[in-house]
Amino acid sequence: MINVILIDDEPLARSMVKEYLQSYPDIKIVAECDDGFEGVKAIAQHQPDLIFLDIQMPKINGFEMLELIDQPPAVIFTTAFDEYAIKAFESHAVDYLLKPFSQERFKKAVKKWLNLPPSKKGEPTLELLESTSPPEERHRIVVKKGSSILIIPIPKIHYLEAYDDYVKIHTAEGFYLKKKTMNHYEQSLDPSQFVRVHRSYMINLSELTRIEPLEKESHVALLKSGARISLSQSGYVRLKEILGI
Amino acid sequence: MSKLTISYSRIITAYAGWWIVWMVVQGYLINQLGFAWTMAAMDAAVTQLALALAGYSINTSMLFYHPSQKNAVYVIIWSVALAVLCVLLQQWILQYLPGDQKAYHQFLEHTLLIRGLFDWFMITLIAILTWFWVYASEQQETAKRNEDAERLAREAELSSLRQQLQPHFLFNSLNSISALVGVHPEQARIMIQQLSDFLRGTLKKDDRQLVSLEEELQHLQLYLDIEKVRFGHRLATIIHRDEASLTLKLPSLLLQPIVENAIKFGLYDTVGEISISITAETKGEHLVIEIKNPFDSFTAQPRQGTGFGLNSIRRRLYLLYSQNNLLVTRSEGNIFTTQLKIPQHP
């Protein structure tokens with residue numbers, strides 16, 4: 001038996017997929033979700049083999065939802081969106097169905113997944129997520145703390161810190177972990193707002209209060225929160241450049 | 001614009017030429033009356049120079065204050081005052097002219113009235129010319145503004161098409177229809193009908209720029225009906241309007257983009273059921289429409305139009321009514337309100 005979950009905020013769109021799935025006796029729909037929050041819960045609970053995922057959904061979008069799952073199942077995107085770089089997904093996601101899609105097109109996508117070698121069937125789509133930034137990501141970062149999901153508006157971030165395979169996102173309420181790289185954030189965040197001042201640190205300029213010299217040509221940045229961030233030499237130069245001093 | 005963009009230096013040359021012609025005429029006349037050439041020339045020069053100064057003064061003040069027809073009386077008073085000043089100045093300077101004093105002073109005395117009238121006539125002439133100039137410029141400006149407004153309305157039509165009928169609205173609606181065909185074919189047919197009517201309304205060549213609120217609400221209702229098929233389980237809309245406001249006029253295709261914004265904002269910024277309220281009422285000389293949607297004040301991004309957002313609606317209203325405050329937004333708690341004020345006697 002193959003377990004699938006449908007995640008789409010429009011019931012009619014889900015009923016369409018349900019109808020198309022009727023011709024697959026081996027496939028069982030174990031859950032239907034209205035949004036990403038329900039999606040995260042249902043995936044943890046049912047560990048499905050495959051999910052059909054819409055992109056634009058309430059609060060958090062399909063990509064952000066996937067980021068919250070440690071071992072994401074195989075994904076077939078179903079969306080009316082063609083604004084994102086679809087080409088980039090097609091090589092990574094199992095498939096990408098543009099609404100409205102025909103039964104033939106749908107069958108082709110399922111067949112594609114069925115034909116994947118077993119080792120690749122559940123291949124995480126993290127690689128694809130790394131390469132894309134849907135528009136929302138320029139304004140917010142979605143994180144998980146315990147079992148709750150939080151949305152952090154970008155301006156509320158004080159600074160970012162590298163932490164093994166994770167990035168620590170420091171805010172007034174404490175820090176959150178996100179499985180991303182510093183390079184990812186250096187590329188996706190507004191460079192006039194966030195500056196990489198060190199291999200392990202990126203600071204929000206509106207949080208900066210002063211730069212103090214430390215022994216022997218090294219410097220430290222003081223943030224409003226009281227945090228002291230050491231600057232690398234190239235980081236210090238970059239910071240001065242952006243501040244125009 | 002081309003007619004009025006005569007260069008500044010040409011205006012100055014023409015103005016100077018005008019007074020020189022009068023100077024020659026006056027000099028000739030005075031000489032004919034038996035005064036010496038030098039005398040006549042000096043008299044003419046003083047008179048016309050003073051007049052040129054007065055003319056310049058009334059011209060600049062009118063360009064600056066843009067007097068309306070109602071204020072024409074001020075222009076007349078100003079021109080009389082200037083003429084009196086002008087003639088007094090001329091008399092005062094001319095009495096010191098060298099030459100045959102007695103005869104000339106007598107001449108000055110006798111011609112006081114005629115000089116005053118001539119001065120007043122000239123100043124009034126310049127005032128009238130200036131008034132025509134100002135009036136013509138204003139006409140051209142209004143024409144240009146109307147042209148811009150028309151162009152923006154056309155763009156709004158296209159833009160609203162591009163915006164609503166691309167990914168979200170059109171494709172998702174078609175997807176819903178596709179799903180309905182399997183389970184509720186009769187509802188699919190209704191939705192196709194609604195979508196067609198909505199498209200036709202958006203595409204409709206609209207020569208009349210203003211439509212009644214009733215018409216605009218009908219168009220909006222088609223849109224809302226389609227959105228309800230997609231989001232009926234989450235979306236509730238409440239429309240309140242007083243009977244009197246139904247016949248009031250507003251620019252066409254104005255409400256739908258704002259309501260669409262509100263729905264998107266409400267649906268994607270919150271989970272659970274949302275309610276969008278639209279109220280229209282008559283307040284004095286205005287049709288006032290308020291659109292309210294819920295939002296999450298913590299995570300909401302500043303609303304940004306993707307080319308065609310609230311800003312271009314504000315711009316369109318400005319071009320139509322030359323007022324900047326017709327669209328205002330406010331947020332109270334978790335409710336975002338967009339308020340439109342449409343003047344009824346522009």
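Chain A has nine helices and 15 strands; helices (H or I, at least four residues) and strands (E, at least two) are DSSP runs, numbered from the N terminus. This is a predicted model, in which local features need pLDDT of at least 70 and side-chain atom pairs count only at pLDDT 80 or more, while totals for chains, interfaces and linings use all residues. Residues are numbered from 1 along each chain as its sequence is written, and chains are lettered from A and ligands numbered from 1 in the order in which they are written.

Of the 245 residues in chain A, 36% are buried. A residue is buried if 20 or more other C-beta atoms lie within 10 Å of its own, exposed if 12 or fewer, and partly exposed in between, with C-beta atoms placed from the backbone. Two residues are in contact if their C-beta atoms, placed in that way, lie within 7 Å. Among contacts in chain A between residues at least 6 apart in sequence, 53% join residues at least 24 apart.

Start at strand E1 (residues 2-7) of chain A, which runs parallel to strand E2 (residues 27-33) of chain A and is joined to it by six bridges. Two strands pair if DSSP finds at least two bridges between them. Between E1(A) and E2(A) the chain passes through helix H1 (residues 11-21) of chain A, making a right-handed β-α-β crossover: with the strands pointing away from the viewer, the path from the first strand over the helix to the second runs clockwise. E1(A) also pairs in the parallel sense with strand E3 (residues 50-53) of chain A, over four bridges. A:Ile5 stands opposite A:Ala31 in E2(A) and opposite A:Ile51 in E3(A).

Now turn to helix H5 (residues 103-114) of chain A. Which residues in H5(A) are buried? They are A:Phe106, A:Ala109 and A:Val110. These three lie on the same side of H5(A) because they cover an arc of only 95° around the axis, taken from the directions from the helix axis to the C-beta atoms. The buried residues of H5(A) pack against H1, strand E4 (74-79) and strand E5 (95-98) of chain A. On the other side of H5(A), A:Glu104, A:Lys111 and A:Lys112 are exposed.

Finally, chain A meets chain B through 22 residues of chain A and 21 residues of chain B. On the chain B side, helix H6 (167-183), helix H8 (213-231) and helix H9 (255-269) each supply at least two residues. H6(B) gives the most, with twelve residues.

Key: Expected span 1.5 Å × (residues − 1).
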